[in-house]
Amino acid sequence: MDFALDEQQRDFAASIDAALGATDLPGAVRAWAAGDVAPGRKVWEQLANLGVTALAVPEKFDGIDAHPVDLVVALERLGRWCVPGPVTESIAVAPVLLASDDQAEHSAGLASGELIATVALPPHVPYAVDADTAELVLLAGDNGITEAEAGDKHESVDPSRRLYDVTATGEAWSADIQRAYEFGALATAAQLVGAAEALLDSTVDYAKQRTQFGRVIGSYQAIKHKLADVHIAIELARPLVYGAALSLDAGDVSAAKVAAGEAGLLAARSSLQTHGAIGFTQEHDLSLLLLRVQALRSAWGTPESPRRRVLEGL
C-alpha cells in the first residue's frame, strides 16, 4: 500500500513554495510584528489565489471542501515559510465553526480570502491571535459560537503573533467545536513540521559554509549527528501528522502535536547551537522561525495537554 502524497498534492506544495519563495516573507513577518499588516495581507492574497484559504470551506460556500490531508500539505508549507497572521484559525478552524447555512456569507469570505478570521476556544485556546486586525473574531464555548471583539492584549514569545482576550458580542449558534479543535491542533502540528524542516535546511546550508579550526563545521561528526537527529525527528513526526489527518481521532492528533512540537524544539535548539548567537539576533531571519516554533508549541494546547490526552486515550 502506498502512503506517499500523489502527484497533484506534490504539485500543490510546489506551487505554494514557488509563490511564497518569490515573496519577502521575513520582511512581511517583521512588518506584521510592528503593526503593518499590508505586506502580510498581500501574502494572504497569494494564498487565496492558490486556493489555500478555501481548502476547508464547504463547496456550497464556494470552497474546495478538500480532504484534511490536502490541508496538512498546505499548512506544512505555510509553516516552512513562516507566514504571518492567524493561519490555523482562519484556514483550518473557522471553516468548521462557520459551516452552517446561517454563516454562508462569512464562509464565502473565508474561501475568497476577503475575510481573515481568528478564534478563541477556552480553556485550551484562551486568546485570539491577531484579533485587532482580523475581520472576524470568533469565541467558541459551552453555549456555542459567537462573534466577539478584542479586549486586553497579551505578549507572545513571537512578536508577530499578538494575543488578545475576546468578549462575545452576538447571539450564539451551534457548531462541532470538538472537530474544530482537532483541526486546530492538526494545523498547528503541520506548521511545526514545516518550520522544523526550514530550520534544518538553513542549518545544513550554514554548516557547509562556516569554518572552525580550518575545517567546515559540517564535516565534524558531532554536527552531523546533531543534524541527523533533527532529520529523524521530523521524519517521525510527519507520518503521525498525516495519519492524524486521515483519522481526526483525538489521540492521533495529540500524538502528532507532541511529535511535531518535539521535532520543532530539537530543530530550533540545533539551529541555534550551530549558528551561534547570531542566529538569535533580530537581524537574522533564523530568529523568526525560532520564535515561531516556540509560539506554536504552546498554541492549540500547551505542550503538556496533548500528552495528557494521549494518556487518557490509553
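Start by selecting strand 3, residues 136–141, in this predicted model. Of its 6 residues, 5 are buried, so the strand is largely enclosed by the rest of the structure.

Now bring in strand 4, residues 144–154. Here the pairing with strand 3 is antiparallel, again through 4 bridges. Click on alanine 140 and you will find isoleucine 145 as its bridge partner in strand 4. Follow the chain from strand 3 to strand 4 and you trace a hairpin, with 2 residues between the strands.

Next stop: helix 10, residues 286–297. Select arginine 297, which belongs to this helix. Is arginine 297 buried or exposed? Its relative accessible area is 15%, under the 20% cut-off, so arginine 297 counts as buried. Show its surroundings, setting aside neighbours within four places in sequence, and you will meet Leu192, Lys257, Gly261, Glu262, Leu265, Thr302 and Pro303 in contact with it.

Finish at the largest pocket, which holds about 390 Å³ of space. Its lining has 17 residues; select Arg80, Ala198, Ser202, Asp285 and Leu289 for those closest to the centre. Helix 1 (7–21), helix 2 (25–33), helix 7 (177–209) and helix 10 each give two or more residues to the lining, and helix 7 supplies the largest share, with 4. Colour the lining by class and you get 9 nonpolar, 4 polar and 4 charged residues.

Terms used. Residues are numbered from 1 along each chain as its sequence is written. This is a predicted model: local features need pLDDT of at least 70, side-chain atom pairs count only at pLDDT 80 or more; totals for chains, interfaces and linings use all residues. Side-chain values use heavy atoms; hydrogens and water are left out. Buried means under 20% relative accessible area, exposed over 50%, partly exposed in between (1.4 Å probe, protein chains only). Two strands pair if DSSP finds at least two bridges between them. Contact means heavy atoms within 4.5 Å. On a 1 Å grid over the protein atoms alone, a cavity is a set of points where a 1.4 Å probe fits but cannot get out, and a pocket is an open set with protein on both sides within 12 Å along at least five of seven lines; lining residues have an atom within 4 Å of a point. Grid points are joined across faces, edges and corners, and a volume is the space filled by probe spheres set on the points. Ala, Val, Leu, Ile, Met, Phe, Trp, Tyr, Cys and Pro count as nonpolar, Asp, Glu, Lys and Arg as charged, and the others, Gly among them, as polar.
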